[in-house]
2 protein chains.
Amino acid sequence: MTMAVEEETMICLWKEARDLSLGTTPHVERLDHPPPSLRFLREYVSSSKPCVISGGALHWPAISRWSSDSYLSHAMSGHTVSVHHTPDGKADSVTPIGDDLCFASAFVKQMDFDEALARIISSGDPSSPFVAYAQEQNDCLRSEYSSLFDDVEPDIPWATEALGCEPEAVNLWIGNGRSETSFHKDHYENLYAVVSGEKHFLLLPPTEQHRLYVRHFPSAQYTHFNPETGELKLEMEQPERLVPWCTVDPVNPSSSFPLYCKGPKPFHCTVKAGDILYLPSMWFHHVKQTPDCSGRVIAVNYCNILYQYKSNHVFRHVTACF
Amino acid sequence: MTMAVEEETMICLWKEARDLSLGTTPHVERLDHPPPSLRFLREYVSSSKPCVISGGALHWPAISRWSSDSYLSHAMSGHTVSVHHTPDGKADSVTPIGDDLCFASAFVKQMDFDEALARIISSGDPSSPFVAYAQEQNDCLRSEYSSLFDDVEPDIPWATEALGCEPEAVNLWIGNGRSETSFHKDHYENLYAVVSGEKHFLLLPPTEQHRLYVRHFPSAQYTHFNPETGELKLEMEQPERLVPWCTVDPVNPSSSFPLYCKGPKPFHCTVKAGDILYLPSMWFHHVKQTPDCSGRVIAVNYCNILYQYKSNHVFRHVTACF
């Protein structure tokens with residue numbers, strides 16, 4: 001399958017999406033209260049428009065409980081968790097290797113929760129030769145971290161009602177201020193609640209995929225973590241496997257990506273402790289974070305898959321252009 | 001703007017829309033009760049999937065009252081209405097003119113309602129040299145026919161709640177068994193209630209536009225209605241104006257349209273008196289009708305425009321293909 005939509009149509013769609021729905025100011029809409037489910041479905045999910053619900057998770061027990069490392073330690077006592085290691089906090093991102101570029105995945109290691117938390121916090125220091133991030137996206141809050149699951153809601157009730165389905169996965173993320181997630185998209189509806197610290201999202205709608213210069217890169221993996229020096233070695237995957245990924249780094253955008261640099265700025269929002277971001281499926285997102293006073297950023301996200309959405313309404317507007 | 005999506009992508013989308021959402025059986029889903037608004041929004045509007053609500057308008061006073069010509073006559077006494085005249089019941093359709101084809105529009109004439117109704121009923125006879133059809137789509141049930149508006153609901157409550165907006169237009173249609181509407185699409189969400197007689201819809205989703213061979217035809221208009229003979233003359237519009245229209249006639253499909261003939265059959269449904277069809281925006285529809293025992297087919301449709309839908313979610317799935 002090739003990129004099969006001609007430039008003229010792309011521009012028509014991109015501009016119309018901005019004109020009719022998204023606007024050109026880079027602010028994400030912020031709601032003071034959870035929306036009624038019908039309004040949420042109509043104005044955000046069906047319209048594929050993100051929003052932040054301020055304080056939407058403030059009533060969770062996790063908000064106060066998880067501020068304490070000893071609470072987490074006690075609850076997770078004896079449990080092993082997966083920790084992702086990279087030299088610079090950038091997992092799943094386009095990375096130099098020799099004179100080329102590759103798509104680099106983290107080195108993943110199982111360890112006791114206490115060791116994981118200590119490693120995440122200490123590696124937030126810029127002098128650390130590696131960055132640790134607990135970010136298994138395999139429903140981990142209902143598996144590895146199930147002893148913490150009672151501290152959050154099992155689902156976001158107004159979202160479940162609107163979407164008509166329970167979350168397929170609920171994930172816990174524990175990181176520090178050095179972790180950064182490169183621009184990518186997910187195929188599910190995402191409700192992203194921050195419990196401690198802050199997450200800074202840059203967002204671009206599916207209509208602006210062409211601005212991110214998706215290219216194919218050979219995949220590589222960090223291996224051979226040296227526990228003494230904290231060094232990691234990057235190795236190409238064999239046999240070669242190509243991964244399509246966004247080339248644009250919004251933190252240091254290169255002028256060789258004019259569609260990114262010259263177009264409207266990405267939408268941005270800061271999701272603070274207690275806020276929930278609704279991130280529609282297929283929206284590109286880049287994430288940086290600011291830690292709490294203990295050096296941690298903790299978040300929970302709910303993934304919902306709306307099968308019936310994924311197909312048929314596509315040409316509603318494409319055909320309206322002709 | 002050209003048809004800018006390559007064949008391979010079209011086929012991918014067409015097949016996926018069928019596989020994931022619409023299915024390949026040609027039946028339109030039928031509901032026994034009006035759906036809760038949240039379900040209607042999620043499963044039909046947002047999914048761009050038609051459905052018929054059996055008996056959804058059976059409680060309207062119009063269902064019994066409009067079966068009587070004298071009731072209509074009395075209510076509309078002294079009112080003038082617009083009547084569309086064609087030689088064969090086919091208005092707004094691709095029609096031969098000399099050795100060529102044109103896009104032919106009806107001859108429209110204002111007349112007293114009584115005369116209009118008599119003309120519509122009598123021209124249902126195959127011996128009539130013309131076919132009359134009252135089908136002004138300019139919110140006519142709230143203007144020309146406002147004295148009948150109290151006999152129906154001002155809107156379809158569960159649809160208005162789901163769509164979050166009042167209808168932009170409410171139209172009345174009074175025709176006979178010879179009127180036929182060629183394949184076309186509308187830009188609004190359509191709720192189509194039959195009050196008397198039956199309407200037979202053929203439906204194709206927006207993803208299958210390519211199967212209808214949309215081409216540009218010079219527009220023409222029926223003029224010079226001869227009240228003695230009932231004959232009409234077809235005249236090209238000057239200066240020439242090209243109209244894009246579907247070439248396929250599903251009643252006599254030509255083998256020169258293989259994408260239509262060899263693909264899955266169009267969805268079809270018969271909407272009986274008291275039923276409501278939800279027809280999503282941008283779906284292609286072709287309509288034939290069967291009259292009631294008095295020779296009439298009467299219907300009311302509600303047009304809702306969902307601005308926020310028309311743009312941004314388009315690429316959700318297009319980009320999912322890559």
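This briefing covers one serine and several aromatic rings. The model is predicted: local features need pLDDT of at least 70, side-chain atom pairs count only at pLDDT 80 or more, and totals for chains, interfaces and linings use all residues. Residues are numbered from 1 along each chain as its sequence is written, chains are lettered from A and ligands numbered from 1 in written order, and side-chain values use heavy atoms, without hydrogens and water.

**A buried serine**

- A:Ser48 sits in the loop between α2 (37-45) and β2 (51-53) of chain A.
- A:Ser48 counts as buried because its relative accessibility is 0%; buried means under 20% relative accessible area (1.4 Å probe, protein chains only).
- Its side chain makes a polar contact with the side chain of A:Trp283, at 3.0 Å. Such a contact is a pair of N or O atoms within 3.5 Å; within protein, one must be able to donate a hydrogen and the other to accept it, and residues adjacent in sequence count only if both atoms are side-chain atoms.

**Aromatic rings**

- Rings of Phe, Tyr and Trp (its six-membered ring) pair if their centres lie within 6.5 Å; planes under 30 degrees apart count as stacked, over 60 as edge-to-face and the rest as tilted.
- By this rule there are 28 aromatic pairs over all chains.
- B:Phe130 and B:Phe225 have ring centres 5.0 Å apart and planes at 85°, so this pair is edge-to-face.
- The pair links distant parts of the chain, 95 residues apart. Both B:Phe130 and B:Phe225 are buried.
- B:Phe267 and B:Trp283 also pair edge-to-face, with 5.8 Å between centres and 65° between planes.
- B:Phe267 and B:Trp283 are both buried.
- A:Phe40, A:Tyr44, A:Trp158 and A:Tyr278 form one aromatic cluster.

Conventions:
Helices (H or I, at least four residues) and strands (E, at least two) are DSSP runs, numbered from the N terminus. Buried means under 20% relative accessible area, exposed over 50%, partly exposed in between (1.4 Å probe, protein chains only).
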